[in-house]
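Colleague: I have not seen this structure before. Could you take me through it?

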Amino acid sequence: MQSKQNNDFQLTKIIATLGPATGSVDKIISLINEGVRVFRINFSHGSFEEHEKTYSYIREAEKRTGIFVAIMGDLSGPKIRVGRVVEGGVLVVEDDCIVFVRDEIIAGSKGYELSFSSTLPEFITEVKIGEKILIDDGNIECECIELKTRNGKHELLCKVIIGGTISSSKGINLPHTNLSVSALTEKDKACVDFAVTHNFDFLALSFVRQAEDIRILKNLLTELGARPGKIITSGGDLGFSKLSSVRDSFIPIITKIEKPQAIDNLEAIIMETDAVMVARGDLGVEMDLAEVAILQKQIIKLCQEHGRPVIVATQMLQSMIESAVPTRAEVSDVANAIFDGADAVMLSGETAVGKYPVQVVRMMNKIAFRTNNYIKLNSIKAGTDMEKPDLSFRAAAIAKGVQTLVKEIDPKFIVVWTNMGGSAVYLSQHRMQVPILAFNAEESRLRQLSLLYGIMPIKMEQPKSGSDFINNIDQMLISKKWAELGDAIIIVSGDPINRKGFANRIVIHFVGESVD
């Protein structure tokens, strides 16, 4: 599989959520050509039959474009929603008293004018007096005032603080309640099984509150053969260095930070997970909105200090669901995530249900290219280096050395032969504003590398020697017109090149220079 011939190499990656607006091979091909490198399948919506179709569309589009793309399955988690409500919804106003009940009812019907059911009735007994209950992304706010029993069943009485119309399936958020429910529901377990069967590249875990939530998913993946048991924590290279073989089945976990409890346990969660998503939707509902931008920067910084890839998501170009042009504030939002050094920025409704899915990706790619170009031209450091990289890993030490060389010689590319993938991950972490051409023979690993900052994954069969590899690189760069004779590149590999997990060689090479 060959990579797209495009001189504007991507540094910051783009994730797109698929949905009705992008439900065809041709549309997915257009998204790839505009810059999408990871596709999100949201398990909150659709059936397994629909997900099966989407999965096949992505792989067919990948085959036709010749560009490696990853697939991320997003687990729903214990998202609580309002049960059935009469058509048109129920209007509640300030000081109304509404009741949450355990039985399945139709809210607004006779006898249940201000009573509501939910998809998780257990929450009724876990909310404490005085705690907030937020409905419809926080647009409606209530406060718990009493837990009582009627006919042997618990009911939760709440006073409306901010009113609005409550309709079926609206989200319920409990920002101050420590629910005992697991972050992995029975539905999630079925989705994990589907993801493993179909060789998904990543799984995103929702509503994580503590590190133990991540360990539950790790154990399930290990039982299903999609995570070697020895990968307790992934370290600074997504766990690739701990695999026995590049062909080992391994689905890294992306933890979504969207609960106040996750903020309280942030460092432990980051240490436990493989990667992180700043999920600003529910985070902005459950916490003070004025804190979200600050939290985003803090989360990104901590991820980078611990060597964890990080994604910024939710409402990045939200207005383009309806408009062909984003707001100026949205453009600044995307650019600021890039200045902070995010590996990727994500589109949700913009590409799933929006009117302009192709245009929104084109716009995001344009913002990313212009911002990264400004960062390079002005010698700005995007993001933060690992605080204490484990330099006992050769790949980490090599990457640190490459960072120094890049400042001195400004190479056209960093080229890496990565047997397991770890060397490329460590290089990516330094945000060097130079494209990293990562070569490997295993397609599954190349897809996973598609998420990471600066990396362009390219398939190549195992070279016979280091000289053979360099000659192949020269030929490819010249034939694709990516470089000219005499251009400087930095090459990272092992010596011998076929030794697994053993990056110990840096070569400063000028394209066309004899290496025999």
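Modeller: What follows is a short talk about the barrel, one of its strands, a helix and a serine. Please keep in mind that this is a predicted model.

Colleague: Understood. How many strands make up the closed barrel, and how are they paired?

Modeller: The closed barrel has eight strands, in the order 1-2-3-13-14-15-16-17, and the pairing is parallel. On average, neighbouring strands of this sheet are turned by 25° against each other, with direction ignored.

Colleague: Which way do the residues of strand 14 point, and are they buried or exposed?

Modeller: I253, T255 and I257 point one way, I254 and K256 point the other way, and all are buried. In a regular strand, side chains alternate between the two faces of the sheet.

Colleague: Changing topic, what is the span of helix 8?

Modeller: Helix 8 covers residues 289-305, and its end C-alpha atoms are 25 Å apart. This agrees with expectation, because 17 residues at 1.5 Å a residue should span 24 Å.

Colleague: Where is the kink in helix 8 centred?

Modeller: The kink is centred on L295 and amounts to about 25°. L295 is also among the buried residues of helix 8, which include V292, Q296, I299 and C303.

Colleague: What is found at the two ends of helix 8?

Modeller: At the start, a side-chain oxygen of D288 reaches to within 3.0 Å of the backbone nitrogen of A290. Just after the helix, G307 takes a positive phi of about 70°.

Colleague: One last item, S428. Why does S428 count as buried?

Modeller: S428 has a relative accessibility of 2%, and the cut-off for buried is under 20%, so S428 qualifies. S428 is found in helix 13 (residues 422-429).

Colleague: What does S428 touch?

Modeller: Leaving aside residues up to four places away in sequence, S428 touches D343, I436, L452, Y453 and I455. With Y453, the side chain of S428 reaches the backbone oxygen at 2.8 Å.

How values were computed. Residues are numbered from 1 along each chain as its sequence is written. This is a predicted model: local features need pLDDT of at least 70, side-chain atom pairs count only at pLDDT 80 or more; totals for chains, interfaces and linings use all residues. Side-chain values use heavy atoms; hydrogens and water are left out. Helices (H or I, at least four residues) and strands (E, at least two) are DSSP runs, numbered from the N terminus. The expected span of a helix is 1.5 Å times one less than its number of residues. The bend at a residue is the angle between axes fitted to the seven residues ending there and the seven starting there. Buried means under 20% relative accessible area, exposed over 50%, partly exposed in between (1.4 Å probe, protein chains only). A polar contact is a pair of N or O atoms within 3.5 Å; within protein, one must be able to donate a hydrogen and the other to accept it, and residues adjacent in sequence count only if both atoms are side-chain atoms. Contact means heavy atoms within 4.5 Å. Two strands pair if DSSP finds at least two bridges between them. Axes are lines fitted to C-alpha atoms, for helices over the stretch in contact, and angles run from 0 to 180 degrees between N-to-C directions.
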